[in-house]
Amino acid sequence: MNKLMDLAAAMAQIPDGAMVGLGGNTLNRAPMAAVMALACQGKQGLRLVKTAGGMDVDLLCFAGCVSSVDAGFISYETQYSLCQHYRSAVQAGKVQANEHACYTVISALRAASYGIPFMPVRGLVESDLVTANEYFAQVKDPFSGDILNAVRAIQPDVSIVHVHMADARGNAVIEGPQYDDILLSRASKTVILTAERIVGDGYFAASSRKADIPHFMVSAVVHAPRGAAPGACHGVHGVSDGELHSFLALADAEALTQWLTRRHVHA
Amino acid sequence: MLRPCDMMAVCMARLICDGETVFHGVSSHLPLVAVLLAKQTHAPQAVHLNIPGGVDPQRPTLEAFTSAGGTLLETAQAQFPLSEVFDLSMRGGLDVAFLSGVQFDNRGGVNASVIGDYRKPKVRLPGGAGSAVLIPTAKRAIIWRTKHDRRTFCETLDFLTARGNVSDIITPLCHFKMYAGELILHSIHPNVTIAEIAENTGFPIRYLAQTTTPPPTEEELAALRDIDPLDYRNLEFR
């Protein structure tokens, strides 16, 4: 089955209010082309899931697409500093920040991928996160009687993962760090891929390097070279400093719309 | 002139013992450089763990925009990504985790979450990343913070992201250590006075002895320049 489609058609599959897992880590291989397309389509009420997010989460908050963010860390890391749009959206009460430890996002995704409703987690011994968030609770070990903390499963409706290579059916390879993307693909109801390169149907059958994400988990494949820019894609390109600064300098939603339109025209 | 970033990197590196498993995460150029320094000097058998999952990267090219990028995997010999580093810590196998935060009390509490109310915060911070699970499970959580003022080191936290096995806190002014459940002054960095530390700390400074942090040696400084020629250890001070 050929799942190749253009970016707009793939993003149109995602309804308002969907829970969306985002691949990559901070400015590393985040699915930025897809994120920008979501913003252009004016999505509303997206519930984002990520261990450590950056510009992807910031841009979607800026564009008013987001109702909640489940993550352990949201920042551009040190060089490009804080996610000001995420921050002000949370401070204004527009976006609910569901803070996790990165590991509790992983544990919640594992629960979903194992088909169980929650996952016990060590740590969180003394933390206000446990009392402040209803997705944490205590459970009793049925064997020893010990009390453990647990996190509720997170099953994204869809995850968007930017990959180095995919075939038209949706078999995909990530080169270099995979971060939590393979788990994300297993935990989610479906996966949308954006790919640097589309390979022929027989490619993976003939290759000793098999696909990391198998086709049957994937609902759409988009050919999107530089689909992680202005962030980095390992082995392909680094960050685009100029574009990052031009985004960070945007004053308001209107400026963002112009910036997205200009970028879209150039693409 | 001794720069705070060099003093901090050296101070953090010296806390790593040979053979220990050591993890750092995102926004962590200083600990990244400290781990590489320790491995190049006194702790060659320390095990360097990171988010992209490169175990013991050999002379990695450092990147300004991230401390969790692919170059840490490129020159590594084995893969052991973030989820597995966490698992290791949960089962008691992680010796050292380098973490940070925005507020610290003198009982080893860390706030990296919010200033103000959790649901309606005055300031939404990036979040604790691994802190809430690593601080209680790693054998030692070593904290670094490049700001040392009364808002950072305070009597009462706005929010407790984590408390647990914080062992040391390194700042541009000094090295604090947890001792019998209390954060005490362990050593004062060169060219800093105890009055300056007291003035900039929101809880009373207590100590067992007034000692000075040994300044970086020529060997350590040369290794720092070699490991980090583009001076990313100074990113947080720029």
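Tutor: What follows looks at one pair of helices and then at the chain contact.

This is a predicted model, in which local features need pLDDT of at least 70, side-chain atom pairs count only at pLDDT 80 or more, and totals for chains, interfaces and linings use all residues. Residues are numbered from 1 along each chain as its sequence is written, with chains lettered from A and ligands numbered from 1 in written order.

In chain A, the axes of helix α3 (residues 55-62) and helix α5 (residues 84-91) come within 7 Å and cross at roughly 50°, where axes are lines fitted to C-alpha atoms over the stretch in contact and angles run from 0 to 180 degrees between N-to-C directions. α3(A) is therefore oblique to α5(A), the class left after under 35 degrees (roughly parallel), over 145 (roughly antiparallel) and 65 to 115 (roughly perpendicular). The crossing of α3(A) and α5(A) is left-handed, that is, the near helix is turned anticlockwise from the far one by less than a right angle. A:Val57, A:Asp58, A:Cys61 and A:Phe62 of α3(A) meet A:His85, A:Tyr86 and A:Ala89 of α5(A), contact being C-beta atoms, placed from the backbone, within 7 Å. These residues divide into five nonpolar, one polar and one charged.

Turning to the chains, the contact takes 45 residues from chain A and 43 residues from chain B. Elements giving two or more residues to the chain A side include α5, β6 (96-99) and α6 (102-114). The residues of that side divide into 22 nonpolar, 16 polar and seven charged.

Definitions and conventions
Helices (H or I, at least four residues) and strands (E, at least two) are DSSP runs, numbered from the N terminus. Two residues are in contact if their C-beta atoms, placed from the backbone, lie within 7 Å. Ala, Val, Leu, Ile, Met, Phe, Trp, Tyr, Cys and Pro count as nonpolar, Asp, Glu, Lys and Arg as charged, and the others, Gly among them, as polar.
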